[in-house]
Structure formats: structure tokens, C-alpha cells
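The sequence and structure come first.

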Amino acid sequence: MADNIASVYAVQYGTNISLLLQQRGSRFRRAVQVGNYSGKQAEVVTQYGKTEASAPTGRYDQITFKNTPNDRRWVYPNDREWADIVGSFDKLRVLTDPMGAYTQNGLNAMGRAIDDIILAGMLGDNKTGEAGGTTESFDTTNNRVAVNYASSANVGMTVDKLREGRRLLMAAEVDLDMEDPWVGVTSNQHDDLLGQIQVVSSDFNGGQRPVLQDGKVQRFLGCNFINSERLLQTTTPYRRCPMWVQSGVHLGIWNDMMSDVSQRKDLSGQPWQVYIQMTIGATRTEQDRVLDLLCNEA
């Protein structure tokens with residue numbers, strides 16, 4: 001509630017409005033596929049698995065037919081809303097109308113909710129099958145890089161882990177010539193990378209696009225990095241840093257962020273209400289297009 005607005009009553013000190021430190025909007029939306037849907041669930045894609053060619057068994061023999069596997073990926077809607085209220089009497093006591101700042105604050109919160117839903121779809125349970133009746137858990141055996149990979153101890157983010165992630169994607173026939181991998185990291189893993197000479201030295205990264213920009217790791221080993229403090233953790237806890245390609249994660253939009261600022265004439269003082277809502281869902285499109293790299297932050 002906006003009861004705390006009394007703390008910014010104007011006493012002629014200034015007219016600046018600032019938002020406290022927070023992630024502003026979604027950071028992962030730009031790195032996933034997006035589609036628009038309606039109904040209680042939506043089929044993202046119908047998948048047809050691979051088969052192998054075989055030699056004829058003999059002249060004029062019966063043809064041997066292949067049994068092409070197929071599956072469906074489903075995404076389900078998640079409702080989110082945000083609301084706050086500003087009293088009309090309170091607005092008279094501040095020098096600058098706070099409605100714009102309240103609206104932006106709400107949009108930032110909804111953007112973070114988008115990231116949370118995308119991350120859950122990436123690394124959580126997904127629904128497959130003819131009508132979404134099968135649950136597919138994240139494959140921690142084949143699609144995970146261990147926290148102690150290429151090390152005698154549990155370590156943070158390393159170049160070896162990034163290399164192994166790329167190798168796993170390539171081994172699964174993900175076409176890295178067509179799309180670059182994305183990697184999510186927190187400030188801890190970002191600092192790990194800054195401490196590795198292969199990342200910060202131009203002698204190791206060849207002539208590709210700049211690795212560092214204003215002290216921030218933007219790209220390395222053909223991977224684009226997204227910094228987020230909202231990455232999931234195991235129960236240990238180790239940080240689950242996702243590595244994926246854009247075609248591997250789908251964001252379904254039933255209703256994109258919609259904001260409304262209106263006066264509540266049914267309430268005493270006729271306060272102003274800021275209301276934002278959306279309905280979205282996310283899923284992996286295919287198991288082997290998404291990995292997680294476990295990182296120790298201790």
C-alpha cells in the first residue's frame with residue numbers, strides 16, 4: 001500500500017523522484033522465442049524425432065518403414081498483477097506527481113516476474129504429450145555441467161565449464177552456426193570470469209567482438225551473457241547458470257503487460273489506483289537446447 005507516501009510530503013526540499021535499486025524490467029525476454037496464445041493451454045511446437053536410413057534387404061523385398069517419433073510441447077498461462085494506490089489528499093502534499101514513478105515501479109516488478117517465469121520454464125518441469133499429460137523434468141544427468149567440472153574442488157564459473165557447455169550443445173546437434181548460446185550469470189559468476197586471464201586478455205579471444213565493455217563481460221567463446229541476481233539455485237545451494245539457444249526457450253503471451261491508472265471513486269478520498277496485469281507462460285522447446293552450469297558461490 002502507499003501509506004508510506006507520507007514520507008515524501010513536500011517541504012520544499014526538491015522535486016526529484018528516484019526508484020530504489022532494483023532490476024528494471026525483463027532481461028531474458030530478448031533471448032527467447034515469443035508467441036501469442038489464448039485458451040487454457042497452448043501447443044508451442046509439434047516435434048518429429050530423428051530416424052536413420054537403412055540399406056535395402058534385397059531386390060524387390062518388402063519396404064521397411066520407419067516409425068518417426070513425434071511429441072508436442074505445451075505452455076500454460078500464469079497470471080500476475082501489481083497494484084498500488086495514492087490518496088488524492090497525499091498528492092496535494094508532494095511537489096511532483098508520483099503516478100509516473102509508481103507506474104514505472106510496477107512495470108519493473110512485472111518485468112522481473114517475466115524473468116522468474118522464463119527461468120522456471122527453462123530449468124523446471126515441462127509438459128509434453130498429445131494433450132500435455134506427460135511431465136518432463138530437467139535432465140540433470142546429460143544436460144548439466146558439474147560444480148567441480150575440471151577441478152578438484154567445487155568452483156564458480158570457469159572457462160572450462162563454458163567450453164563443456166558448448167560441447168554438450170554441439171554434441172546434441174544444436175546448430176551453433178545459426179544461433180549463439182546465451183548464458184545467465186549473477187554478479188558472482190561475472191566476477192569469476194573477470195579473474196580469468198582467458199577472458200580479459202585479447203591474446204586469448206582472437207578478433208571476435210569485444211569481450212569486455214565498460215568492465216562488463218558481454219561475450220566470450222561465442223556466448224552472450226545476461227546478468228541477473230534471480231537465477232535459480234539447487235538445495236545445496238549451488239547456482240544454476242543456464243546456457244541455452246534462443247530456439248530452446250519459448251515465452252507464451254496470453255496478455256502482455258497492461259497498465260491502468262484510474263481514480264477509485266468507490267473509496268474514501270477518491271484515491272488514484274495504479275494497476276498492471278499480464279498472463280504469460282514459458283517452456284523449453286527441446287530438452288537438449290538448454291543446460292545448466294552449476295557454480296559454487298561460497
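## A salt bridge between Glu136 and Arg284

What kind of interaction do the side chains of Glu136 and Arg284 meet in? In this predicted model, the two side chains form a salt bridge, with an N to O distance of 3.1 Å. The partners come from distant parts of the chain: Glu136 belongs to strand β6 (residues 134-136) and Arg284 to strand β15 (residues 272-284), 148 residues apart.

Are these two partners buried or exposed? Glu136 counts as buried at 17% relative accessibility, because the cut-off for buried is under 20%. Arg284 is buried as well, with a relative accessible area of 0%. The pair is also part of a network of salt bridges that links Arg73, Glu136 and Arg284.

## Other salt bridges

The whole structure contains 14 salt bridges. One of them joins Arg29 to Asp256, with the closest N and O atoms 2.8 Å apart. This pair links distant parts of the chain, since Arg29 lies in the segment before β1 (33-36) and Asp256 in strand β14 (residues 249-263), 227 residues apart. Arg29 is partly exposed, with a relative accessible area of 25%, and Asp256 is partly exposed at 31%.

Another salt bridge is made by the side chains of Arg239 and Glu297, at 3.0 Å from N to O. Here too the pair links distant parts of the chain: Arg239 is in strand β13 (residues 239-244), and Glu297 is in the segment after β16 (290-295), 58 residues apart. Arg239 counts as buried at 10% relative accessibility, whereas Glu297 counts as partly exposed at 26%. In general, side chains of opposite charge can pair when their charged atoms come close.

## Thr186, beside Arg239 and Glu297

Which residues does Thr186 contact, leaving aside its neighbours within four places in sequence? The list is Asn227, Ser228, Glu229, Leu231, Arg239 and Glu297. Thr186 therefore touches both partners of the Arg239 and Glu297 salt bridge. Thr186 sits in the loop between β8 (182-185) and α4 (187-194), and is buried, with a relative accessible area of 0%.

## The loop between β12 and β13

Tyr238 lies in the loop between β12 (223-227) and β13 and counts as buried at 16% relative accessibility. Residues up to four places away in sequence aside, Tyr238 touches Val147, Asn154, Leu232, Gln233, Leu294, Cys295 and Asn296. With Asn154, the side chain of Tyr238 makes a polar contact of 2.8 Å. These two residues are 84 apart along the chain, and their C-alpha atoms are separated by 9.3 Å.

Pro237 is found in this loop between β12 and β13 as well. The peptide bond leading from Thr236 to Pro237 is cis, with omega near 5°.

## Fold and nonpolar core

The chain has six helices and 16 strands. Of its 298 residues, 42% are buried. Among contacts between residues at least 6 apart in sequence, 77% join residues at least 24 apart.

The largest nonpolar core has 53 residues, of which Ile118, Met122, Met157, Leu162, Phe225 and Trp244 touch the most other members. Helix α2 (residues 99-123) supplies the largest share of this core, eleven residues. Neighbours within four places aside, Leu162 is in contact with Met157, Val183, Leu193, Phe220, Leu221, Phe225, Met243 and Leu293. In soluble globular proteins, nonpolar side chains tend to be buried together.

## Surface

The chain exposes about 16,700 Å², and carbon and sulfur atoms supply 47% of that area. Leu194, Ile197, Val200 and Leu212 make a nonpolar surface patch of about 280 Å². Ile197 is in helix α5 (residues 197-200).

## Positive phi angles

Glu173 is not a glycine but has a positive phi of about 70°. Glu173 lies in the loop between α3 (159-171) and β8 and is exposed, with a relative accessible area of 68%.

Leu221, one of the contacts of Leu162, likewise has a positive phi, of about 55°, without being a glycine. Leu221 is placed in the loop between β11 (219-220) and β12 and is partly exposed, with a relative accessible area of 29%.

Methods:
Residues are numbered from 1 along each chain as its sequence is written. This is a predicted model: local features need pLDDT of at least 70, side-chain atom pairs count only at pLDDT 80 or more; totals for chains, interfaces and linings use all residues. Side-chain values use heavy atoms; hydrogens and water are left out. A salt bridge is a side-chain nitrogen of Lys or Arg within 4 Å of a carboxyl oxygen of Asp or Glu. Helices (H or I, at least four residues) and strands (E, at least two) are DSSP runs, numbered from the N terminus. Buried means under 20% relative accessible area, exposed over 50%, partly exposed in between (1.4 Å probe, protein chains only). Contact means heavy atoms within 4.5 Å. A polar contact is a pair of N or O atoms within 3.5 Å; within protein, one must be able to donate a hydrogen and the other to accept it, and residues adjacent in sequence count only if both atoms are side-chain atoms. Patches are made of residues with over 30% relative accessible area and no salt bridge: like charges are joined within 9 Å, nonpolar side chains (Val, Leu, Ile, Met, Phe, Trp, Tyr) within 5 Å. Accessible areas come from the Shrake-Rupley method with a 1.4 Å probe; for residues, only the protein chains shown count as cover. A nonpolar core is a set of buried Ala, Val, Leu, Ile, Met, Phe, Trp, Tyr and Cys residues joined through side-chain atoms within 4.5 Å.
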